[in-house]
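Please read the following alongside the sequence and the coordinates.

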Amino acid sequence: MLNKKSVDDINVNGKRVLVRCDFNVPLIDGKITDENRLVAALPTIKKLIADGGKVILCSHLGKPKGEAKPELSLAPVAVRLSELLGQEVKFAADAVVVGDNAKAAVEAMKDGEVILLENTRYRAEETKNGEAFSKELASLCDVFVNDAFGTAHRAHCSNVGVTEYVDTAVVGYLMQKEIDFLGNAVNNPERPFVAILGGAKVSSKISVIENLLDKVDTLIIGGGMSYTFSKAQGGSVGKSLLEEDYCEYALNMIKKAEEKGVKLLLPVDNIIADDFSNDANFETAKAGEIPANWEGLDIGPETEKIFCEAVKDAKTVVWNGPMGCFEMPNFAHGTEAVAKALADTKATTIIGGGDSAAAVNQLGYGDKMTHISTGGGASLEFLEGKELPGVAAANNK
Ligand code: AMP
């Protein structure tokens, strides 16, 4: 059980609080085109303001690779955050991040005021977790709060290094939610616990499959990765996505599931197409009976029924990876059916980052899920059962 101290467990009144946020927003010509990440950060920031902290925000933005690239400055974020918070967010425009502007601004801060530092990745040491920059960041604050889940699987100065030089390091509300769902609900699930895995490759999800096989009651495998399982069982998969090198592994996983008493559900039919295109001809074929020049691009109607039935009475469901090429409307049906089944079940539903989160939102089921993770790589590593450096670095309760 991960029991990390959060912003609710500390008193920041009169203290300088450095908050690592995820302000990695899309920018076009200096304009923020999606401000979800800014809005998501507000509860933690507002709480710290209300408690009388001197709130110093920091984040990375894009990949400036250790250089002060003006197009990746956080200046537009300070402007928009000021509007969203209804109070000034002073921008400390230092190319070295912790420079004269930042130091003077922090020095002059009154309780409840907010400043934003420049893009932490302007400093080359940031992604190498260098000591000097970690110490500089720590020198600005008395307390550190990490609310950036997207980088939690990386050990950088602004989320891990800095914690070595401050006495108090806690998590914000966004991080707490990810820990509660992806960490604790997955490791201590209410049963029946069903995991649904899809996406392109078996090879990128091996550790996830192995970790989940130890925890779930039912494991559902769809998407591109299912054809390797089908081939391994002697099926014909035509031109479908296939990782021949992983056929033996797939057979081992089938055996392992049997030994552990885990119900493993694989597609029984597929939507197959004669080209990798939304305009291709398509039809339904039994799994393992795909003709030579055809490829499976979605799960079929029988499979949809079986997968959806399996989540009906579940108490916890975790989903990572689409059931087919959902980006093409003709092959989005299986992914949509699963999204709808999750929306309809009473279970705690947890969507693990990346493509599945995009699919659920794109299909309009976002607000029906218990938790949609904001971190692609980080959520996958959580599902692999790994300890995330950004989580580990926070103080335990
Ligand atoms: P991943 O990043 O491994 O979760 O894979 C997500 C990608 O897998 C999406 O872009 C899907 O279009 C793709 N995908 C899912 N099913 C298939 C399939 N049957 N054939 C080809 N690509 C697929």
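This is a predicted model: local features need pLDDT of at least 70, side-chain atom pairs count only at pLDDT 80 or more; totals for chains, interfaces and linings use all residues.

Residues are numbered from 1 along each chain as its sequence is written, and side-chain values use heavy atoms, with hydrogens and water left out.

The ligand has 15 residues around it, and Ala200, Gly224, Gly296, Glu327 and Asp355 come nearest (a residue is near if one of its heavy atoms lies within 4 Å of the molecule). By class, this shell holds seven nonpolar, five polar and three charged residues; Ala, Val, Leu, Ile, Met, Phe, Trp, Tyr, Cys and Pro count as nonpolar, Asp, Glu, Lys and Arg as charged, and the others, Gly among them, as polar.

A polar backbone atom of Ala200 is 3.0 Å from an oxygen atom of the ligand. For Gly224, a polar backbone atom is 3.0 Å from a ligand nitrogen, and a backbone N or O atom of Gly296 lies 3.0 Å from a nitrogen atom of the ligand. Taken alone, the ligand exposes 500 Å², and the protein buries 80% of that (Shrake-Rupley method, 1.4 Å probe).

The whole structure contains three aromatic pairs, meaning rings of Phe, Tyr or Trp (its six-membered ring) with centres within 6.5 Å; planes under 30 degrees apart count as stacked, over 60 as edge-to-face and the rest as tilted. Phe149 and Phe382 have ring centres 5.9 Å apart and planes at 20 degrees, so this pair is stacked. Phe149 lies in the loop between strands E7 (143-146) and E8 (168-171), and Phe382 in helix H12 (residues 376-383), so the pair ties together parts 233 residues apart in sequence. Helices (H or I, at least four residues) and strands (E, at least two) are DSSP runs, numbered from the N terminus.

Two backbone features remain. The peptide bond from Arg191 to Pro192 is cis, with omega near 0 degrees; Pro192 is in the loop between helix H5 (173-187) and strand E9 (193-197). Asp29 has a positive phi of about 50 degrees although it is not a glycine, and its place is in the loop between strands E2 (27-28) and E3 (31-32).

Definitions and conventions
A polar contact is a pair of N or O atoms within 3.5 Å; within protein, one must be able to donate a hydrogen and the other to accept it, and residues adjacent in sequence count only if both atoms are side-chain atoms.
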